[in-house]
Amino acid sequence: MTTTTESLPLIELRNVVKNYQSEAGVFPALKNVNLNIERGEFLGIIGKSGAGKSTLLNMFTGVDALTSGEVIVNTNEESISLHSLNENDLALWRGRTMGVIYQSFQLLPMLTLAQNVMMPMDMSDLYHPRKSRERALELLDMVELIDHAHKLPSLISGGQQQRVAIARALANDPPVIVADEPTGSLDSITADHIFKLFERLVQSGRTIVMVTHDKGLMPRFSRHVEIADGELFSEADRK
Amino acid sequence: MRPRWRKVLSDLIDNKARTLLVVLSIAVGVFAIGVIAGAYVIISEDMSVSYASNNPANIELRMDDFDEDFLNTIRKFDGIKEAEARRVFNIRARPLGKTQWTSIDVITIEDFEENEVNLLTPLSGKEIPLKNEILLEQDVLEKMDAAPGDTLEVQLRDDSIKTIYVAGIVQDSSTGAVDFLAPPLAYISTDTLRLFDQGELFNRVFATVETGQDDDAHINIVLSALKEKIEKNDYEVGRTFRSLTHQHPLETTINAVLGILMALGVLIVFLSSSLIANTLSALLTQHLRHIGVMKLIGGRDKIIFKMYLVLLVSFGVLALLIAVPAGGQGAYGLAQFIATMMGFSLLGYRIVPSAFIIQIMVGLLVPLVAGFMPVINGSRVTVQKAISGDLAGESSEQGEGGANRESRFEAIQFQATRILADRGIRIKRPLLISLRNTFRRRGRLILTLFTLTMGGATFISVFNVRVTLHEYVESVGNYFLADVTLDFDTPYRVSEIEQFAMQDPRVTYVEGWAFSGADILYPDGTTADNVSLLAPPAGSSLVDPLMVSGRWVQAGDKKKLTISEGIYDLYPNLQAGDYLPLKVNGKEESWEVVGIFKFINMEGILGYAPYDYISRDQNMANLSFSYRIVTEEHDRAYQEMMAEDLDAYFRDNGFHVQEATPGLSTLDSAAESLDILISFLLIMALLTAVVGSMGLAGTMSMNVLERTREIGIMRAIGATDIRIITMVLVEGLLIGIISFILGIFLAVPFTYGFSWIVSTAIFETPIDVVFTPMGYGIWAGLVILLSTLASVLPARSAARLTIREVLAYE
Ligand SMILES: Nc1ncnc2c1ncn2[C@@H]1O[C@H](COP(=O)(O)OP(=O)(O)O)[C@@H](O)[C@H]1O
Ligand SMILES: [Mg+2]
């Protein structure tokens, strides 16, 4: 079992189509997208605003449902076709398998940084509460925020909040980290700091998928795909 | 603490004002429900027990004088448990130095210590009167001022005047209760009889039955047999009365109060449920993003539900901590208030388990049901929507169609504004914003309107019901149109009295009436009830009846009568033209019922027959004991003056006057219990109005809380404090005005409903509903005041927000 999934790509998107229904009619946000994400790579998804980057991410984080096609995630234990899971199983699966980071941090404002980082461990029941506390502090230490561990999110800067979000994404030690424009609302120096953090994580063997509209970052990914009007291009090499 | 519980705790304690708002909105309703349910139970339990504790007689016989030996015969009679004989006679009394006489029935009790039935409850002074002392029933104090230690002047039948010493005040919940039209009571011992020139014989029997003390049919069987036996011994029995041991005589009025309480309780459950639902859904809408984030990082529905379950239960428990003890106190206070007004005592403070259970049900269940709607909605929203924040607006409440309807509303509004502008009417911008805001959250608006409208409709209807009841009592007054009723001890020629009376230039018209008591019989010949037969001259203008069916009595009617609606209790299918078995003057006869009219049933069954027939039947043609006199003016004060003057005038001319009563006083007892009810209804109206405006206040502060960001933006582009406050105030006022308009309509069915509850309980018949502008007027003012008050605090807190606070993230 272990050997069978090991040889497969971590995430496979097959003929994924996503249409949005709106007053104006049907809007095709993704048009027949095929993409494999391999273990250990630092994949950049690059495109202009409105190209469909977030939509694409949402397809394999299970945050939004696809219209047709299939998304298969092969983790160590099993192969899972995402649309076969219901919202509830999806939430548990996502908590254990994916660390998701958003441009707007999405921390819970009433919890301290440490508690925010502990939350995924609490939700997924993977760690004993005492252990999860230790782990949260370790992760905060890693993102250099150990001194602020007991502050509320509103008391720290945006860059710091994003580092807490990264620590939180790592909490359950998921096989893949997914980030939607994580540096979008940060100044360039802070953004660079975050990016370096990602690079360190990739070096330590993690898989990261990151969405950005910044073409300048292109060379720093181990691989990138470009998206425009819901279609991928310059993808010939691997496919 | 695990982070999930830490979050719940923070939700609970971080924003104290918000938590307080939620807790209070639950507590208000739960408190009101506790008060109502508790008072309901306490009153219905204690009323009958406290009444029964005085061991009221099941049977009362008014009869010829009899002695101790005969009493013993009655005591031994089959089915009789206890029997006491008393002597009752009528006197007139007044405090020394006063001019106004009060008619009083004096009851002689042989042995106050061995007294077994119709027990007295001492209120003040001595419990047992000595020779030449008198105890007054508390009702006497309504007619004159007297206290233990005072001396009264007493006028006897022969007009001689004696003085007597007031020993104490007592309450007699049983004796006076059977006969509303009887004068108030006083008590003396046998020693004092001589002072009043009365013999030492009895003329009344008060007895209890052995079994079936709450079974009217059984009491009636015992009574009929006893009466037969007494009559066989050649004693004449006048009127008889039956009452049940556990049935308080004012039960009908109390039942009306309880019926209203019940209606109010149901209403309050609805109102507070909608208030709770409103507050919680507003609160939880703000939590949608949190739910999204938790689902993003692996939170399953089960965990999230559990967290919110704990949060909601905590709100409920906090509310219960406030509302249950306060509600218990309130319940007892309300019960005490009603008991005092109705003249019975409570068995003591206690926790009412059923009220407690209802409170817990409402306090916990309603928040759970109301709160879980938004939580379930929230967990159904995809994470993506929750996170992207595109549900900050209407989408969460309205679903997909929300945006559409919103734009349609805007289109209508735009159109309306343009049309108005074309005619030169400009709606100011802030007003436009308020208008838009009002309709932004339709679900919440509907709930708020529901609460406030229910409150308003109740308020308005209470005033309508009040007028309806008064109007009805007034129409019953049409049976007593005379200004003064003059009763004599002996019959006089009608022409003689007429001649004397007309010598007073203020008297315009005199009628002599006949009176007869009769028994209504069941088809098998047993007595069903008494009927008082009044016999005005045919065509009398002093009765203006409210006919239900048939016609009024006419000249020439023989063995024909009209009878009040109370007859339906005995003969439910009786119609005009049917024959009714009656026992008149000891003879069993069959009378034709020519008509049925409305009357206050608690005053007993009343019948009318023509004077000519009744007086001849009694061998008293052209004679009468009782006269109806019309005077020049008809107000209460004038009537009282005339009653006093005529009384003195006839006495001075050697007539044996028993009593002269002003016409409008006839309905005093009916009007009195109505006043109790109405003050009650008013309390109820205010309560619903308060709950309604609490709902509005909650909505307004939720609206403001939710719009902090928007208010910040308005500030950033230069909106002044005044502008922001006005915006919020106008919104609240707008809701108030809309609810007023809706309330006008809702008040119609409410008025009919409340009138029905009250009138069927008190008058045992539905009555014609009357509407009055008064309730509408007062509510219009009140709703404007309340909605302004409800919006002032939220408006001020909106204006106090600084731009930085508002625009800072979260
Ligand atoms: N919920 C939605 N309903 C309708 N259209 C949407 C929705 N979300 C995104 N879109 C549209 O789909 C396209 C892709 O959006 P998105 O994936 O957010 O772009 P990106 O993240 O690349 O900026 C955009 O044109 C956007 O307007
Ligand atoms: Mg995007």
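This is a predicted model: local features need pLDDT of at least 70, side-chain atom pairs count only at pLDDT 80 or more; totals for chains, interfaces and linings use all residues.
1. A:V176 stands opposite A:T207 in strand β8 (residues 207–212) of chain A, and A:V176 is also the bridge partner of A:M98. Helices (H or I, at least four residues) and strands (E, at least two) are DSSP runs, numbered from the N terminus. Strands count as paired if DSSP finds at least two bridges between them.

2. Residues are numbered from 1 along each chain as its sequence is written, chains are lettered from A and ligands numbered from 1 in the order in which they are written, and side-chain values use heavy atoms, with hydrogens and water left out.

3. Strand β7 (residues 176–180) of chain A is mostly covered, five of its five residues being buried. Buried denotes under 20% relative accessible area, exposed over 50%, and partly exposed in between (1.4 Å probe, protein chains only). In a regular strand the side chains alternate between the two faces of the sheet. In β7(A), A:V176, A:V178 and A:D180 lie on one side and A:I177 and A:A179 on the other, and both faces are covered.

4. β7(A) runs parallel to strand β6 (residues 98–102) of chain A, to which five bridges join it. Five bridges likewise join β7(A) to β8(A), again in parallel. Together with helix α7 (residues 188–203) of chain A, β7(A) and β8(A) make a right-handed β-α-β unit.

5. Contact means heavy atoms within 4.5 Å; axes are lines fitted to C-alpha atoms, for helices over the stretch in contact, and angles run from 0 to 180 degrees between N-to-C directions.

6. Chain A also has an open sheet of four strands in the order β2-β1-β4-β5, with antiparallel pairing. Because β2 (25–37) and β5 (79–81) of chain A stand at the edges with a single partner strand each, one side of each is left without a neighbour in the sheet. Neighbouring strands are turned by 25° against each other on average, direction ignored. Three bridges join strand β4 (residues 68–74) of chain A to β5(A), where A:I72 stands opposite A:S81. Helix α2 (residues 53–61) of chain A lies across β1 (11–22), β2 and β4 of chain A, at about 120° to β1(A).

7. The residues around ligand 1 include A:K48, A:G50, A:A51, A:K53 and A:T55; each has a heavy atom within 4 Å of the ligand. An oxygen atom of ligand 1 is 2.4 Å from an N or O atom in the side chain of A:T55. On the backbone side, a polar atom of A:G50 is 2.7 Å from a ligand oxygen atom, and an N or O atom of A:A51 lies 3.3 Å from a ligand oxygen atom.

8. Chain B has 22 helices and 20 strands, and 53% of its 810 residues count as buried. Among its contacts between residues at least 6 apart in sequence, 81% join residues at least 24 apart. Helix α7 (residues 288–296) of chain B has nine of nine residues buried, so it is largely enclosed by the rest of the structure. B:G298, which follows α7(B), has a positive phi, near 105°.

9. B:P374 is found in helix α9 (residues 353–380) of chain B and is buried, with a relative accessible area of 11%. Not counting residues up to four places away in sequence, B:P374 touches B:S281, B:L284 and B:L288.

Note on methods: A crossover is right-handed if, with the strands pointing away from the viewer, the path from the first strand over the helix to the second runs clockwise. A polar contact is a pair of N or O atoms within 3.5 Å; within protein, one must be able to donate a hydrogen and the other to accept it, and residues adjacent in sequence count only if both atoms are side-chain atoms.
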